[in-house]
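Work through these exercises with the structure open beside you. Try each task before you read its solution.

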Amino acid sequence: MRPPTISTFGALQQYETKDGSYTLYSEFFNELFHCPSGALEETKNKFIYPAELDRFTQGSKITVLDVCVGLGYNSALLMQELRNRNIKLEWRGLEIDCRPLTIALEEPRFQKNWVPEVIDILKSLRDKDAWDSSGSSGEILWGDARQQLQLLPKNFSADLILLDAFSPNHCPELWTEEFLCALSSRLAPEGRILTYCRAAAIRASLRRSGLTLYSLKAPTDQSYNWSMGTMASLPSKNSNGTQPNNSPRWQSLSLMEEEHLNTRAAVPYRDPKGIDSASRILKRREEEQINCAFKTTSAWQKRWNLGKKR
């Protein structure tokens with residue numbers, strides 16, 4: 001069911017990022033939808049490039065789950081790239097607020113990024129909650145992603161899951177161990193979860209879900225930035241357990257990142273019944289951190305000489 005037009009999630013303000021692409025700022029979550037350096041660049045570097053679309057053959061079909069569709073950047077660029085490669089798409093999107101997509105589709109700075117066919121798909125999602133064209137199809141499920149995820153067909157398994165919720169401190173509901181485990185269970189063999197998030201709590205939960213972790217490399221001109229996101233991969237069902245090789249864009253976790261997973265920062269967000277408020281989830285984690293035996297995160301930062309700018 002489509003949420004009401006008047007949202008309980010506060011005002012949305014327009015914002016132009018440094019690469020000239022358009023995004024929004026959420027007063028409710030106190031965050032931009034994209035990093036200020038560039039909405040389009042972030043989409044390319046953290047979602048499309050590590051998806052490694054060249055591994056899919058022409059004429060094939062891939063299945064994608066977009067968690068927190070927002071303005072639609074991640075899926076729009078994915079659709080455009082797949083169209084250029086003649087690859088079909090089975091798509092599902094989870095989103096609680098219909099306003100960002102609606103606002104974006106009225107903005108020329110957003111529209112200019114996409115070919116007419118992609119704009120038509122986004123408008124169909126806005127107006128009809130679905131699209132079906134030329135062997136590709138998709139549906140957006142409006143509402144709390146924790147509940148909407150359970151409404152996907154039992155046999156739905158994704159080659160790619162794009163996880164782009166607001167940050168764990170502001171939207172912990174979609175970063176809990178339970179939700180991440182549920183997402184992981186929806187991966188197809190060799191499927192990947194892609195996210196901008198590098199938080200130890202998130203990576204530790206993904207690893208406990210049976211996934212292999214990779215760190216998305218920051219550009220060489222950002223030497224202060226030790227990672228710009230995470231790729232988590234499910235091995236294939238064959239005996240070799242195929243995994244992605246390291247590349248110029250990602251690598252296995254460094255020793256520093258592995259040690260991060262043994263600090264209090266790695267205590268997971270928990271939501272046993274999938275209905276708790278953000279404040280309850282944060283409070284539960286705070287209590288567990290106080291009582292856990294993990295090393296302090298500040299000691300880890302000191303060991304690796306990580307200043308506040310990191």
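**Exercise 1. Strand order**

In what order do the three strands of the open sheet lie, and is the pairing parallel or antiparallel?

Solution. Keep in mind that this is a predicted model. Step one: read the order, which is S1-S2-S3. Step two: read the sense of pairing, which is antiparallel. Step three: look for the edges. Strand S1 (12-16) and strand S3 (31-32) each have a single partner strand, so one side of each has no neighbour in the sheet.

In general, strands of a sheet pair through backbone hydrogen bonds.

**Exercise 2. Bridges and hairpins**

How many bridges join S1 to S2, and over how many do S2 and S3 pair?

Solution. Start with S1. Five bridges join S1 to strand S2 (residues 22-26). Gln14 stands opposite Leu24 in S2. Tyr15 has Thr23 as its bridge partner in S2. Next, follow the chain through the hairpin of S1 and S2. Five residues lie between these strands, and Gly20 takes a positive phi near 90°.

Now move to S3. S2 and S3 pair over two bridges, in the antiparallel sense. Here Tyr25 stands opposite Leu32 in S3. The hairpin of S2 and S3 has four residues between the strands, and Asn30 takes a positive phi near 55°.

**Exercise 3. A helix with a bend**

What distance does helix H1 reach from its first C-alpha to its last, and where does it bend?

Solution. Step one: find the helix. H1 covers residues 39-51, which makes 13 residues. Step two: compare lengths. H1 reaches 17 Å, close to the 18 Å expected at 1.5 Å a residue. Step three: locate the bend. H1 bends by about 35° at Asn45. Step four: look just past the end. Glu52 follows H1 and has a positive phi, near 50°.

**Exercise 4. Aromatic pairs**

How are the rings of Phe110 and Trp114 arranged?

Solution. The model has 11 aromatic pairs in total. Take the rings of Phe110 and Trp114: their centres are 5.8 Å apart and their planes stand at 65°. The cut-off for edge-to-face is over 60 degrees, so this pair is edge-to-face. Phe110 is buried, with a relative accessible area of 0%. Trp114 is buried too, at 7%.

Now try Trp226 and Trp300. Their ring centres lie 6.0 Å apart with planes at 80°, so this pair is edge-to-face. Trp226 lies in the loop between strand S10 (212-216) and strand S11 (230-233), and Trp300 lies in helix H11 (residues 297-303), so the pair ties together parts 74 residues apart in sequence. Trp226 is buried at 16% relative accessible area, and Trp300 at 6%.

Finally, find the cluster. Ring pairs link Phe9, Phe28, Phe29, Phe33 and Phe166.

**Exercise 5. Charges over rings**

Which residue lies over the face of Tyr49, and which has its charged end over the ring of Tyr269?

Solution. Over Tyr49 lies Arg249, at 3.8 Å from the ring centre. Over Tyr269 sits the charged end of Arg285, 4.3 Å from the ring centre.

Terms used:
Residues numbered from 1 in each chain as written. Predicted model: local features only at pLDDT ≥ 70, side-chain atom pairs only at ≥ 80, totals over all residues. Heavy atoms only, no water. Pairing = 2+ DSSP bridges. Expected span 1.5 Å × (residues − 1). Bend = angle between axes of the 7 residues up to and from the residue. Phe/Tyr/Trp six-rings, centres within 6.5 Å; stacked < 30°, edge-to-face > 60°. Buried < 20%, exposed > 50% of the residue type's maximum accessible area, 1.4 Å probe, protein only. Lys NZ or Arg CZ within 6 Å of the ring centre and 35° of its normal.
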